[in-house]
Amino acid sequence: MKKFFTTLSNIWKIEDLRVRITNTLLFLLIYRVGSYVVLPGVNAAIASTQKAEGLVGLLNMFAGGSFSRSSIFALGVMPYISASIVVQLLGIAVPYFTKLQKEGESGRNKLNQWTRYLTIGITFLQAIGYLKSQVAADARTIADPFTFIFLNTFVLTAGTLFVMWLGEKITDKGIGNGISLIIMVGIIAQLPMAFTTEFISRNGGAGGLIAFIVEIVALIGVVMFTILIVQGTRKISVQYAKRIVGNKQYGGVRQYIPLKVNAAGVMPIIFAQALMFIPQTVSQFFPNVSSNGILIALANYNSWEHNLLFGILIILFTYFYTAITVNPNQMADDMKKNGGFIPGIKPGRTTAEFIDGVISKITLPGSVFLAIIAIIPALASLVGVSPVFARFFGGTSLIILVGVVLDTLQQIESHLLMRHYDGLMKTGRIKGRTAMPAAAGTSPTAI
């Protein structure tokens, strides 16, 4: 406990870090307050009674409850994330975007501008769909449907752009990736209600307090397992040749490239979830087709058919997303330009093939473990855990929470170590995070 208070004191002594943390909390507070501001022409009392289940429940969790409250931030940052994914995929298929990715800072600025423009278009379309499908007719206080949709489409678009601006400000003036922090805050905002609901349910007779304690222990175990997957790396040793420039000697040291076991992050789960909603959509539009039971089984989140297909899709998308985000050829070229080589491996094409083989080997267990984490909420629901609380046992929400928390702690620790203070842990560093150079040729995930 004394170490904890000493660390807090050290954080407060660093003016730059203190200002960044204060700015981050202020921006997040603005976001949370805005999530309770209801759209004009919407009865807040009626809108808040709508249930958020399935895909709507997932989107509502990412938006911190704004989706079900018909808030001005109802769409949150999801349009921006969708735009980021599209731009990232265009970098593979379109030569113009591929060229921008290689132009350094100026290219990233142009890609960010394209992402913002695309975000406006996606938000505009999603806003129309949201107003037509998610805002009940009896919750509208504006009689004319055209006026209601026209007005609130611009309000929702402006709300998403404002949230995007808040995320960029947190990145520039705060302590980490602003978009990820906003998503994390939205997810955490649902945790107290889910925790309280589960406690009341268990205390009321469904298993008693013993069952509730077992759930908490299981949740801690799942979190530890998720941290293991997020932190897992395969280190490849790289030797740099000695170079003498003037009176100084460069190189001659051995470093390593940390290849992550789960290089794709949370994106495979997001892609797989998007496809898994297709059977449910088809069954709604073609009720006669769903009578054979196949679509009904695939649309049921607790069925073994749904979870088996879900796991297979996650494994496939993990390989796909890893292939488009990690470029072994570029990594080999960068090593060769800087006079680096892997001991026992020839530079150039042989090095690229070696790195590609290592990535393929570590991606298999990473994808399997990611699939297991994704289906744990369904398993938790089968043993009696409430659906709202079961979402925190795995899936997208847990991986985002673990990744963002670890990244934020690493940012704070780097500020402490840079000013010769002890780190957050007794060993002086967060294991698996600090002192790890980024692998060349890799790019961060959208989340």
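Biologist: Which residues is Ile187 in contact with, leaving aside its neighbours within four places in sequence?

Modeller: Keep in mind that this is a predicted model. In it, Ile187 is in contact with Met61, Phe62, Phe392, Ser397, Ile400 and Leu401, once its neighbours within four places in sequence are left aside.

Biologist: Which residues touch the most other members of the largest nonpolar core?

Modeller: That core has 72 residues, and Ile187 is on the list, together with Tyr130, Leu131, Leu156, Ile182, Ile183 and Ile314. There is also a second, separate core of 14 residues, and Tyr240, Met335, Ile345 and Ile355 are among them.

Biologist: Now for helices. How are two packed helices described?

Modeller: Two packed helices are described by the angle between their axes and by the distance between those axes. Take helix H2 (residues 15-34) and helix H9 (residues 145-173): they pack at an angle of about 170 degrees, and their axes are 9 Å apart. Angles over 145 degrees count as roughly antiparallel, and H2 and H9 are therefore roughly antiparallel to each other.

Biologist: Which residues of H2 and H9 meet?

Modeller: From H2 come Arg20, Asn23, Thr24, Phe27, Leu28, Ile30 and Tyr31, and they meet Phe162, Val163, Leu166, Lys169, Ile170, Asp172 and Lys173 in H9. Sorted by type, the residues of this contact are eight nonpolar, two polar and four charged.

Biologist: What does Thr119 touch, not counting residues up to four places away in sequence?

Modeller: Thr119 touches Pro79, Tyr80, Ala83, Thr160, Leu161 and Met164 on that count. The side chain of Thr119 also reaches the backbone oxygen of Thr115 at 2.6 Å. As for Met78, this residue and Thr119 are 41 residues apart in sequence, with 9.1 Å from C-alpha to C-alpha.

Biologist: And where is Ser367 found?

Modeller: Look in helix H17 (residues 349-382) for Ser367. Ser367 counts as buried because its relative accessibility is 0%. A polar atom of the Ser367 side chain lies 2.8 Å from the backbone oxygen of Leu364. Not counting residues up to four places away in sequence, Ser367 touches Ile314, Ile315, Thr318 and Tyr319.

Terms used:
Residues are numbered from 1 along each chain as its sequence is written. This is a predicted model: local features need pLDDT of at least 70, side-chain atom pairs count only at pLDDT 80 or more; totals for chains, interfaces and linings use all residues. Side-chain values use heavy atoms; hydrogens and water are left out. A nonpolar core is a set of buried Ala, Val, Leu, Ile, Met, Phe, Trp, Tyr and Cys residues joined through side-chain atoms within 4.5 Å. Buried means under 20% relative accessible area, exposed over 50%, partly exposed in between (1.4 Å probe, protein chains only). Contact means heavy atoms within 4.5 Å. Axes are lines fitted to C-alpha atoms, for helices over the stretch in contact, and angles run from 0 to 180 degrees between N-to-C directions. Helices (H or I, at least four residues) and strands (E, at least two) are DSSP runs, numbered from the N terminus. Angles under 35 degrees count as roughly parallel, over 145 as roughly antiparallel, 65 to 115 as roughly perpendicular and the rest as oblique. Ala, Val, Leu, Ile, Met, Phe, Trp, Tyr, Cys and Pro count as nonpolar, Asp, Glu, Lys and Arg as charged, and the others, Gly among them, as polar. A polar contact is a pair of N or O atoms within 3.5 Å; within protein, one must be able to donate a hydrogen and the other to accept it, and residues adjacent in sequence count only if both atoms are side-chain atoms.
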